[in-house]
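Q: Please walk me through this model in a friendly way, and show me what each structural label rests on.

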Amino acid sequence: MDDGRGLVTTSLWDRAPEAGDAVPGAAGDVAADAARRRPSRRRLVRWAVIVAVVIGVALVMTWRGADAASDVPLDPRNPQPTGSQALGRVLADHGVEVTVARGQAALSGAQIDGDTTVFVARTSALAQATIDELADLSRQAGRVVVVDPDPWVLRYLSPEVTIAQTRRDGADLAASCDTADIRQGERISHSQSEFQLRDGSPTDACFTTTGHSVYLSVPATAHHAPLVLLGSRSAITNGEIASADNAAIALRTLGHSARLVWYVPSTDDIPTTDQSRAADLLPPSLVPGLVVVLMAVLGLMLWRGRRLGRLVREPLPVVIRAVETTESRGRIYRRAKDTGRVGVVLRDATRRRLAGYLGLPTAAPLPQLITAVSDASGRPAPEVGWLLAGPPPQTDDEMLGLAGSLAALEKEVRPS
Amino acid sequence: MCRWRGRQRTTLRYVRANATPVCRSRGRKRGVPVAVSWRFPILVLVGLVAVVIQPTRETVLLWLALSIVLTVVDLLFAVSPRRLGIQREGGSQVRLGDSGTTALLVTNTGRRTLRGLVRDAWQPSAGATVDRHRLTLKSGERRRLTTIVVPTRRGDRLADRVTVRSFGPLGLGARQRSFDVGGVIRALPPFHSRKHLPSRLAALRQLDGRSAVRIRGQGTEFDSLRDYVEGDDVRSIDWRATARRQHAVVRTWQPERDRRVILVLDTSRTSAGRVEDMPRLDSEMDAALLLAALASRAGDRVDLIAGDRWVRARVGSASRTALLAELVQAMSPLEPALLEASWPTLAAAIADTSRRRALVVLLTSLEPAAIEESLLPTLATLTTHHRVVVASVSDPALTAMAARRGTTAEAYDAAAAERTLTLRQRTADVLGRLGVTVIDADPEHLPPRLADHYLLLKSQGLL
């Protein structure tokens with residue numbers, strides 16, 4: 001993806017020199033033209049300033065992040081009390097070749113062999129994929145030291161170890177063991193987590209209370225190199241390293257080998273397909289907050305759902321349009337395609353009305369009616385005769401024509 | 001659980017038309033007597049702040065528990081709705097289309113102040129759109145809650161329960177209970193045709209003060225003598241009186257008074273059909289009211305019989321002033337019944353009402369089947385004793401349908417409409433041959449046509 005972006009950028013830049021020296025001048029002209037034409041130059045300027053400031057701030061921040069001292073806790077470049085710059089400097093002074101590997105690429109680039117200690121101080125930026133990668137890359141290392149790992153780190157790094165979070169902040173812990181790293185009677189000032197091997201096999205462990213140890217040495221497995229877990233993050237910070245025997249413990253633990261690769265993991269290395277940390281990216285108050293919102297919605301339902309008195313029934317009357325029976329009669333005619341019947345009915349009605357208009361009795365004989373209608377409308381008698389008493393229409397079209405003609409005839413006889 | 005309301009009959013044939021199946025649960029199913037207000041979800045939502053500060057499960061549970069406990073405590077402190085004395089003030093009646101009011105008198109008989117919401121629920125057709133009343137009632141205080149009703153249908157519109165929701169001091173929870181208080185709003189027929197009344201009354205006065213009626217039939221009564229005025233009928237000059245005085249004197253006549261007009265309102269199935277979105281029955285009532293108003297002014301006695309298989313309403317021998325009020329009262333609760341009219345029953349009721357000759361106006365529909373089956377056999381005896389007029393509401397949609405002949409489908413419909421019109425005409429002709437006058441007009445024109453026919457009969461002394 002990076003390559004692709006690079007290509008695009010290059011092609012853009014490639015095109016610019018083709019325009020030659022005229023480009024800046026032309027651009028200036030265009031800007032001047034636009035300024036002259038547009039009344040909203042002030043706004044443009046304002047926006048330009050804002051964009052410039054934003055870009056500037058972004059640049060400053062990246063530049064600062066790349067080189068300057070960090071303020072991330074336990075960072076080898078952080079000189080503040082929470083940082084660990086002191087530890088790195090002292091180790092370097094004692095002849096240990098300290099390499100800071102920021103990110104996975106730097107770690108894979110670092111030289112790791114039997115005389116190398118890989119040190120991970122800040123595990124919160126790790127995920128399953130980067131942990132697996134770390135185990136792979138440090139397979140050949142003399143030892144891997146991890147300080148106060150988060151529980152899921154051990155789940156992927158060395159599942160044989162269980163971890164317990166503790167808060168023994170108050171009192172210094174005295175060692176009752178004697179290992180290569182820790183002498184009998186040495187004191188460590190704080191601890192945040194304690195470890196225990198699942199199968200309880202004998203190994204180097206210190207500061208042990210009820211089976212859990214602040215210092216635990218895990219032998220190498222097929223998965224990882226020898227592992228040293230230190231449950232106190234404050235022991236290696238600038239602020240605390242000088243108190244108790246923190247410095248001695250840290251220096252011995254990390255100065256075991258000639259080289260120290262200080263791995264500072266980065267969240268940028270976590271592939272997007274890795275979902276193991278997805279839950280940790282969410283704020284801790286999300287789930288309880290959602291529960292509260294859900295309960296509030298339930299409350300809302302209780303509020304809105306409680307009716308103020310029951311529903312009232314309405315005894316509805318029967319709604320029948322009076323014309324409905326006639327409409328269904330029409331549908332019956334249509335379905336039966338009874339054009340003959342329609343012709344009879346329409347002629348009958350027209351004859352009845354015409355007789356009424358012309359003052360004839362309803363039962364007047366047909367010839368008399370035809371003559372009268374013919375006189376009144378001016379149409380020839382045979383035509384009127386056909387209209388009023390012709391053969392029944394055979395098709396829909398004939399019927400439609402007859403219906404229209406009858407209506408026209410009625411209008412002619414009685415134009416009102 | 002379902003049972004029939006109204007009188008239950010053993011055989012299905014005689015199930016009364018207004019017997020509608022009613023589902024009424026026998027148990028005391030009143031619902032939960034509590035409610036929460038909008039403050040409750042807001043209170044729960046405020047818990048978000050606590051959760052952001054301390055995002056643990058315990059916080060959530062604690063907050064929920066707090067909210068619920070607060071609400072329950074609030075609820076317990078709410079005044080019981082039973083402490084409220086509720087009465088409805090008076091009954092009221094409203095002419096359909098007008099707005100009326102109904103009032104509840106609520107009294108706080110408890111010792112604490114009641115804050116709450118009262119809903120005076122009515123049937124939707126009562127048109128009580130704003131039936132909720134906010135209420136703050138101190139101990140011993142009494143207030144009148146007025147609900148405006150605009151009924152949308154004629155008849156008795158019933159009140160449903162009155163529901164009281166009493167909030168606690170925090171306004172979180174509330175106690176709620178419904179009470180049967182009862183209440184009826186009677187929506188009277190609108191009597192739209194009363195706009196025709198002044199002109200018809202003027203015509204009646206003309207008739208009254210006329211020197212003489214053109215036809216000196218048996219129905220005209222001698223009133224008094226007065227001076228001859230140019231234009232008077234010379235035949236009405238009273239020669240004997242003229243001989244006594246210096247100038248010509250004519251006899252004046254007044255139209256007969258104290259005749260009987262019997263309005264028969266058919267509430268059978270044909271009256272349920274809607275013409276211009278109004279049941280035929282309502283249009284017929286309109287016509288009946290106009291005629292009754294006119295006839296009572298003319299000094300005639302008006303009776304009303306309404307029924308289908310049974311006589312459903314009867315008004316008779318009412319005084320002139322009370323007549324209209326009594327008529328609308330009797331008409332209001334009438335509904336079309338899906339039954340065939342039993343004309344012999346109605347004819348018996350007519351015979352019961354008056355032995356004297358009367359003008360009998362049958363307000364029914366010219367439905368060939370209905371008329372031929374039941375009315376025609378009865379009509380023969382009826383016409384021998386009374387002058388019978390059949391007033392029927394015709395449907396303008398029919399004539400419009402008959403005139404539309406643009407497409408094939410319309411032509412078929414036109415034929416159907418023509419067929420219906422022909423059948424109606426044929427029925428009218430049959431009735432005419434029996435000596436019955438048929439007035440068939442659309443809802444708008446039926447009342448004035450009927451009134452005019454009455455005036456015509458009156459002026460000719462044919463009553």
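**Helices and what covers them**

Q: What do the buried residues of α15(A) pack against?

A: They pack against α12 (339-357), α13 (366-377) and α14 (381-389) of chain A, together with α10 of chain B. This is a predicted model, in which local features need pLDDT of at least 70 and side-chain atom pairs count only at pLDDT 80 or more, while totals for chains, interfaces and linings use all residues. Residues are numbered from 1 along each chain as its sequence is written, and chains are lettered from A and ligands numbered from 1 in the order in which they are written.

Q: Which residues of α15(A) are called buried, and what makes a residue buried?

A: A buried residue has 20 or more other C-beta atoms within 10 Å of its own; with 12 or fewer it is exposed, and in between it is partly exposed, the C-beta atoms being placed from the backbone. In α15(A), Met399(A), Leu400(A), Leu402(A), Ala403(A), Leu406(A), Leu409(A) and Val413(A) are buried.

Q: Why does the span of α2(B) agree with that of a helix at 1.5 Å a residue?

A: The 21 residues of α2(B) should span 30 Å, and its end C-alpha atoms are 30 Å apart, so the two agree. Val60(B), Trp63(B), Ser67(B), Thr71(B), Asp74(B) and Leu75(B) are its buried residues. They cover an arc (taken over the directions from the helix axis to the C-beta atoms) of only 105 degrees, which puts them on the same side of α2(B). Turned away from that buried side is a face with the exposed residues Arg57(B), Glu58(B), Leu61(B), Ala65(B), Val69(B) and Leu76(B). The cover over the buried residues of α2(B) includes α10 (286-305) of chain A, along with β3, α1 and β11 (173-179) of chain B.

Q: Why are the buried residues of α11(B) said to line one face?

A: The buried residues of α11(B) are Leu446(B), Pro447(B), Leu450(B), Ala451(B), Tyr454(B) and Lys458(B). Down the axis of α11(B) they fall within an arc of 130 degrees, so they line one face of the helix. Just after α11(B), Gly461(B) takes a positive phi of about 65 degrees.

**Where the chains meet**

Q: How many residues of chain B are in contact with chain A, and what makes a contact?

A: A contact needs C-beta atoms, placed from the backbone, within 7 Å. By that test 60 residues of chain B are in contact with 44 residues of chain A. From α10(B) comes the largest share of the side of chain B that touches chain A, 15 residues. That side has 32 nonpolar, 14 polar and 14 charged residues, where Ala, Val, Leu, Ile, Met, Phe, Trp, Tyr, Cys and Pro count as nonpolar, Asp, Glu, Lys and Arg as charged, and the others, Gly among them, as polar.

Q: What makes β12(A) and β16(B) a strand pair?

A: Strands pair if DSSP finds at least two bridges between them. Strand β12 (residues 320-321) of chain A meets β16(B) in the parallel sense over two bridges, with Arg321(A) opposite Arg274(B). β16(B) also pairs with β17(B), in the antiparallel sense over two bridges.

Q: Why do β12(A) and β17(B) count as edges of the sheet?

A: The open sheet of three strands runs β12(A)-β16(B)-β17(B), with mixed pairing. β12 of chain A and β17 (278-279) of chain B each have a single partner strand, so one side of each is left without a neighbour in the sheet.

**Cores**

Q: What makes a set of residues a nonpolar core, and which members of the largest one touch the most others?

A: A core is a set of buried Ala, Val, Leu, Ile, Met, Phe, Trp, Tyr and Cys residues joined through C-beta atoms within 7 Å. The largest has 101 residues, of which Leu263(B), Val264(B), Ala288(B), Leu291(B), Ala292(B), Val360(B) and Val361(B) touch the most other members. Helix α5 (residues 280-297) of chain B gives the most, 11 residues. Apart from this core lies another, of 55 residues, among them Val146(A), Tyr215(A), Leu216(A) and Leu254(A).

Notes:
Two residues are in contact if their C-beta atoms, placed from the backbone, lie within 7 Å. Helices (H or I, at least four residues) and strands (E, at least two) are DSSP runs, numbered from the N terminus. The expected span of a helix is 1.5 Å times one less than its number of residues.
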